Amino acid sequence: MHTKQNIQTLSGTSNKKSVILEIKDLRKSFGDNHVLNGFNLELFEGENLVIMGKSGSGKSVMIKCLVGLLQADSGTIKIMDHEINTLNQTDLDTLRTEIGFLFQGSALYDSMTVRENLEFPLRRHKSKLGNAANIDELIKEALENVGLLHAIDLMPAELSGGMKRRIALARTLILKPKIILYDEPTSGLDPITSKEIIELMRNVQKQYKTSSLIITHDVDCARVVSERIILLVDGINYAEGTFNELATSKDAQVKAFFK
Amino acid sequence: MSSSSGLKSFFVEIGELTLFASRFFKEVFSRPFEVKELLKQCYHIGNRSILLVAVTGFIIGLVMTIQTRPTLEGFGAESWMPSMVSLSIIREIGPVIIALTFAGRIASGIGAELGSMRVTEQIDAMEVSGTNPFKFLVVTRIVAATLMLPLLVLLGDAIALLGSYIVENIKGEVSFVLYFNKVIKVLEFSDLLPATIKTFFFGFAIALVGCFKGYTCKKGTVGVGAAANSAVVFSSMLLFVIDFIAVFVTDIFFDL
């Protein structure tokens, strides 16, 4: 088992930017299965941080703890200076408008059209967008940004996997979040569609100036989008660095990911 | 060993269902109210069940009258047909049979819908977007089913009586006015009121179990199928328990 002392830090990261999201000593267990064993993370403003780890290493559990979908056993999660464990439901919902979450399976609402899917996050948070917000214009703008304006009246069942992922990203962007959490954004997609999604993620970051936390085990995705990578093994940060630093590492566990 | 663990899991499930129901009562009166979604669910649950209820009710009326007529004829008591059939349908057969068909359609539908939303992370997506999924999905469906089932049962009862009248008209040449005069004469407030009140509980129980099974569905498509299936079985059983309690209470207050 790896402890905090033997975490292998391969590069120093600039601390000049302000920290927008911070996780300290996060622990989560399901019965005897200890998934997170003191995970730490700092996401800087405007940064693309990739978390890699094999299946079952706790990546999705960690990201769900971040938005309050799961309650951590211990540790602190601070998002834009708000410690999420101390927030009441109203404040948590307000904070969630600053965080976009792209689910692994897109999670579009099956019973709603694309337009209704995009309208849904606006129901309770119209005030965030100011009184000038014309919902129809916002929806069209978000769909244009992902290149799918023509799909506005389709049902999710009529969309391909790649289109669903793009619409889910548009739904995530509609409240103009400061942080976007991507849970396996390219899983289940063919290589060409994966590249399109990766390109889209880069464009989103440029256009919306978001900070992104990307969970993936797609090495190509990590290479293109990451500014920094954290390797999650046995519930702790096993290694940290840029893509090139980790790809050239001599450590067997790190090498296994970048073969 | 296995029977004791089965019993334990049964009581655990009852406990979880009770907690789920108490959460419903806590959330149903708190703002914001999802009125638009409630009306949509009333349409889905109520309006779209009308044909099913109408056909079921009509067949109940036909079959009951055809089956009972020979027995009453044996005693020369066929003039009692409208009274007997109407009392049976209004008090017991109508509410229970219609509620059972409603459970088959609604509990399984809700169980499968919410179950698939759970396993495809749509419920999580709703929560992350700042909407309370329990209020939006569960509260609206339970309230809609509780309000719609009594109306459907009243409709089904009326159509069942119409079916009964058609048989009486063909076999006994009884006129529409005579048949329904006899029905109205025999029916009392104490027949209609308890029977209608219990259908509110039937509707509540059916949707509660459907929502509970779907909302707490375990991962995977197998879980969705199991949620839909057990929602029907559990809610049908619960209907008979509620029916027993309702008859027991009615007997105390109205002296059946």
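What pattern does chain B follow when read along the sequence? Chain B reads α-α-α-α-α-α-α-α-α.

This is a predicted model, in which local features need pLDDT of at least 70 and side-chain atom pairs count only at pLDDT 80 or more, while totals for chains, interfaces and linings use all residues. Residues are numbered from 1 along each chain as its sequence is written, and chains are lettered from A and ligands numbered from 1 in the order in which they are written.

**View 1. Chain B has nine helices and zero strands.** Helices (H or I, at least four residues) and strands (E, at least two) are DSSP runs, numbered from the N terminus. The C-alpha trace spans about 65 × 50 × 35 Å along its principal axes.

**View 2. Helix α3 of chain B covers residues 50-74.** The expected span is 1.5 Å times one less than the number of residues.

**View 3. α3(B) bends by about 35° at Thr68(B).** The bend is the angle between axes fitted to the seven residues ending there and the seven starting there. A proline, Pro70(B), follows within four residues. After α3(B) comes Gly76(B), with a positive phi near 65°.

**View 4. Buried residues of α3(B) include Val53(B), Gly57(B), Ile60(B) and Met64(B).** A residue is buried if 20 or more other C-beta atoms, placed from the backbone, lie within 10 Å of its own.

Methods
A residue is buried if 20 or more other C-beta atoms lie within 10 Å of its own, exposed if 12 or fewer, and partly exposed in between; C-beta atoms are placed from the backbone.
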